[in-house]
Amino acid sequence: MYRDSIKYGGSGIMQFFKDSTQTDLSTLIALMLSYSDNTTSLWNQALAGGGTEINELMDRLGYQNTRVNSRTVGRESIWEKYGWGQTTPREIADIFIKLNNRELISTAASEQMYRLLSNTFYTDYALSGIPAGVNSASKQGMVNASRSEVFLVNSPQGDYVCAIFTDNNEDKSWGYDNEAWVMTRKISNLIWNHFNPNQSYQQPEGFEKYLEGLSY
């Protein structure tokens, strides 16, 4: 049962649900992954046993730098430095590789996680650099001075993964022409064309029109 006492601002949809709305776990997970929903992220974190239990799982899986900091006992000072959570490009890319190979947790769990990560709302960043219709799993994480994204593309010439992290950004704007996002689109498109030279892609003329007004 959703209670508006747990709502958390920023990105996401569930913060706008009416108090006492009945929901289900699959909806919470879908909103967390597809819309980077802050409210459901915190709710799922609590349902999973909290940051401490999640971090212990990450450690067992061999990820030393992927951690939940928010609302996690003993990580208050790290939260002040790094924010809600932390990872590295190498570790988050490896997680995506194992999901794609159906090797994380279990075959069934990996497949379901990969399906959900292939259904993001935020296609106007890295994914705009590849052709529509190509399956891609991705996750974005962004605050004013840091814009980051990981994406694994099931391209015709073979799968590839990329993680782009930026920090200490001078451009802290939230328009479609933010410098970090422009760079991310260019890098994504360069990688696609490198691995798929016979199916090269360029964003169609006027594509920027459909990015204007979008916000994270």
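**Salt bridges**

I searched the whole predicted model for salt bridges and found four. I counted a salt bridge where a side-chain nitrogen of Lys or Arg is within 4 Å of a carboxyl oxygen of Asp or Glu. Side chains of opposite charge can pair when their charged atoms come close.

Notes on how I read the model: it is predicted, local features need pLDDT of at least 70, side-chain atom pairs count only at pLDDT 80 or more, and totals for chains, interfaces and linings use all residues. Residues are numbered from 1 along each chain as its sequence is written, and side-chain values use heavy atoms, with hydrogens and water left out.

I looked at arginine 67 next. Its side chain meets that of aspartate 59 in a salt bridge, 3.4 Å from N to O. Arginine 67 is buried, at 12% relative accessible area. Aspartate 59 is partly exposed, at 40%. I use buried for under 20% relative accessible area, exposed for over 50%, and partly exposed for in between (1.4 Å probe, protein chains only).

**A network**

Which residues are linked in a network of salt bridges? I found Arg102, Glu111 and Arg115. Arginine 102 meets glutamate 111 at 3.6 Å, N to O. Glutamate 111 also bridges to arginine 115, with the closest N and O atoms 3.2 Å apart. Glutamate 111 and arginine 115 are separated by about one helical turn, because they are four residues apart in helix 6 (residues 107-117). I take helices (H or I, at least four residues) and strands (E, at least two) as DSSP runs, numbered from the N terminus.

Arginine 102 is partly exposed at 29%. Glutamate 111 is partly exposed at 31%. Arginine 115 is exposed at 54%.

**A negative patch**

I then looked for charge on the surface. Glu170, Asp177, Glu179, Glu205, Glu208 and Glu212 gather there in a patch of negative charge. For such a patch, residues need over 30% relative accessible area and no salt bridge, and like charges are joined within 9 Å. Asp and Glu count as negative, Lys and Arg as positive; His and the chain ends are not counted. I place each charge at CG of Asp or CD of Glu. Accessible areas come from the Shrake-Rupley method with a 1.4 Å probe.

Where does aspartate 177 lie? I find aspartate 177 in the loop between strand 5 (158-165) and helix 7 (179-195). Aspartate 177 is partly exposed, at 48% relative accessibility.

**Positive phi**

I noted two residues under this heading. Isoleucine 105 has a positive phi of about 70°, although it is not a glycine. Isoleucine 105 sits in the loop between helix 5 (89-100) and helix 6, and it is exposed at 54%. Asparagine 168 is not a glycine either, yet has a positive phi of about 55°. Asparagine 168 lies in the loop between strand 5 and helix 7. Asparagine 168 is exposed, at 66%.

**The whole protein**

I stepped back to the overall fold. The protein has seven helices and five strands. From the N terminus, I read the order as α-α-α-β-α-β-α-α-β-β-β-α. Its C-alpha trace spans about 50 × 40 × 35 Å along the principal axes. Buried residues make up 41% of the 216 residues.

I also looked up phenylalanine 195, in helix 7. Phenylalanine 195 is partly exposed at 41%. Phenylalanine 195 and threonine 27 are 168 residues apart in sequence and 35 Å apart in space, C-alpha to C-alpha.

Terms used
Patch = residues over 30% accessible without salt bridge, like charges linked within 9 Å, V, L, I, M, F, W, Y side chains within 5 Å.
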